[in-house]
Amino acid sequence: MGISWSKSSQAFARAKQSIPGGVNSPARAFTAVEMDPLFIERGTGAYLYDLDGNQYIDYVNSWGPMILGYNHPHVLAALKDQLAKGSSFGAPTEVETELAELIKEFCPAIDKVRMVNSGTEATMSAIRLARGYTGRDKIVKIEGCYHGHADSLLVEAGSGVATLGIKGSPGVTSNTACETIVVPFNDQPAVEQVFTEYGSEIAALILEPVTGNMGVIAPQTAYLKFLRSITKKYQSLLIFDEVMTGFRLARGGAQELYNIAADLTTFGKIIGGGMPVGAFAGKKEIMDYIAPDGPVYQAGTLSGNPMAMQAGLATLKELNDSQKYQKLAELSQQLAAGIEKNIAELDFPAHLSKVGSMFTLFFSKEEVKNYHDVQNCRLDLFASYFKLMLAQGIYLPPSQFEANFISLALSKADLEKTIAANYQALKQLRTDL
Ligand SMILES: Cc1ncc(COP(=O)(O)O)c(C=O)c1O
Ligand SMILES: N[C@H](C=O)CCC(=O)O
């Protein structure tokens, strides 16, 4: 008998009566894979369980935060302890400082950290700070990068915007959208041209240093160094959005991996250990422009919420161990080697794009370097591939424009099962080529 998703479908039908599209974030809606989303009952270690009782090996990791797996005992204990003391006070707690100190220890380019409640708030606030600090209005963003849904950044965005094929930026005023200049990823001449024309008006250039929201794409050699030097030359700020890559690609994120110090960095996901969180951070002279020390206003009733801080602190303490990153690298290597072997054996027109514990399978033999290349992949194969993997108990992000994540909870046996499922899925898909 085939796998049943009937309880999830019933739950989705019910949700659609009261929640727009039945989901609280469009990326969860399974629109691009043309089926109802799974409703999750619980998670343990590397596994998710849906309402129908099916078990899945999970590569979504709640879109990145669950690097330790679900219900890690230290995270659970920290949360239980804090809950007993109180879940929110709207007053400072020491755990906020402890987490900020650990972030600074991991990322030496950072002097000060302001906690917020989501990645969207982090990037929105970083942009406001960059504008306030430089006294300039324009920002440069990269086509296909996603930085949350703040107005200035919802232009040519990846993730759900790309998945749903939403054109333009409905709801964003043209005055706001026109202050955002968009250039392709990995394209130095395009950046050079924009800075030559508008350099003195540009407050900041923001990017995902390794993209996840148009699928995983690595920066080409010298690209990030070039961005560092051109932003410095024009006295604009370089903002690394490390909401996804922070504490995942290395202890110090992409900045450690590529040895680049950004002026401002945004975080989210892992620093909340599965609780809602975000943060923006940078050098003292820039961060001191934020209220109450400086004139740029930014605030939040639940910012630095002690539950999120405890879960984040417990997670980062676990990651404060180079062996953890070594293990992530080994797991990633094992999975990549298996999938690459399948592709070669089946002579399938696909390639695995990967950096650290993030990866995306693109249906194109050619290397994917930017958003344009992603759109030229065989996007029509994705839904079938996704469903073939799901039916074999492998839960992947339901869109080509997303990253898969490896967690420390995965076992070698889980990876072997995933590799075998990938082989079967690609073999089946060959008949559609
Ligand atoms: C790189 C990046 N920046 C910002 C965001 C926005 O974060 P959030 O969804 O927590 O608002 C996300 C994810 O959604 C992201 O992947
Ligand atoms: N790609 C997004 C975050 O990384 C997906 C999460 C969401 O928007 O719900």
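The shell around ligand 1 is made up of 10 polar, 3 nonpolar and 2 charged residues. The model described here is predicted. Its protein chain is divided into two parts, domain 1 (6-71 + 321-430) and domain 2 (73-319).

**Ligand 1**
- Ligand 1 is surrounded by 15 residues, and the closest of them are S118, G119, T120, G148 and V243.
- The element that gives the most to this shell is helix α4 (residues 119-134), with 3 residues.

**K269**
- An unreviewed UniProt entry lists K269 under "modified residue: N6-(pyridoxal phosphate)lysine".
- K269 lies in the loop that runs between β9 (264-268) and β10 (278-282).
- Why is K269 classed as buried? K269 has 28 other C-beta atoms within 10 Å, and a residue is buried if 20 or more lie within that distance.
- Apart from neighbours within four places in sequence, K269 is in contact with W63, G64, P65, G119, V243 and M244.

**Contact between the domains**
- The centres of domain 1 and domain 2, taken over C-alpha atoms, are separated by 25 Å.
- Domain 1 brings 35 residues to the contact, and domain 2 brings 36 residues.
- On the side of domain 1 that touches domain 2, at least two residues each are supplied by α12 (322-346), β11 (351-355), β12 (358-362) and α13 (371-375).
- β12 accounts for the largest share of that side of domain 1, with 4 residues.
- By residue class, the side of domain 1 that touches domain 2 holds 18 nonpolar, 12 polar and 5 charged residues.

**An open sheet of 4 strands**
- The strands of this open sheet follow the order β1-β2-β3-β13, and their pairing is mixed.
- β1 (40-44) and β13 (394-395) each have a single partner strand and stand at the edges, so one side of each is left without a neighbour in the sheet.
- Strand β2 (residues 47-50) and strand β3 (residues 55-58) run antiparallel and are joined by 3 bridges.
- Which residue of β3 stands opposite Y47? The residue facing Y47 is I57.

Terms used
Residues numbered from 1 in each chain as written. Chains lettered and ligands numbered in written order. Predicted model: local features only at pLDDT ≥ 70, side-chain atom pairs only at ≥ 80, totals over all residues. Domains from an automatic or database assignment. Contact = placed C-beta atoms within 7 Å. Nonpolar A, V, L, I, M, F, W, Y, C, P; charged D, E, K, R; others polar. UniProt positions renumbered as here; feature names shortened; annotations may be inferred. Buried ≥ 20, exposed ≤ 12 C-beta atoms within 10 Å, placed from the backbone. Near = placed C-beta within 6 Å. Pairing = 2+ DSSP bridges.
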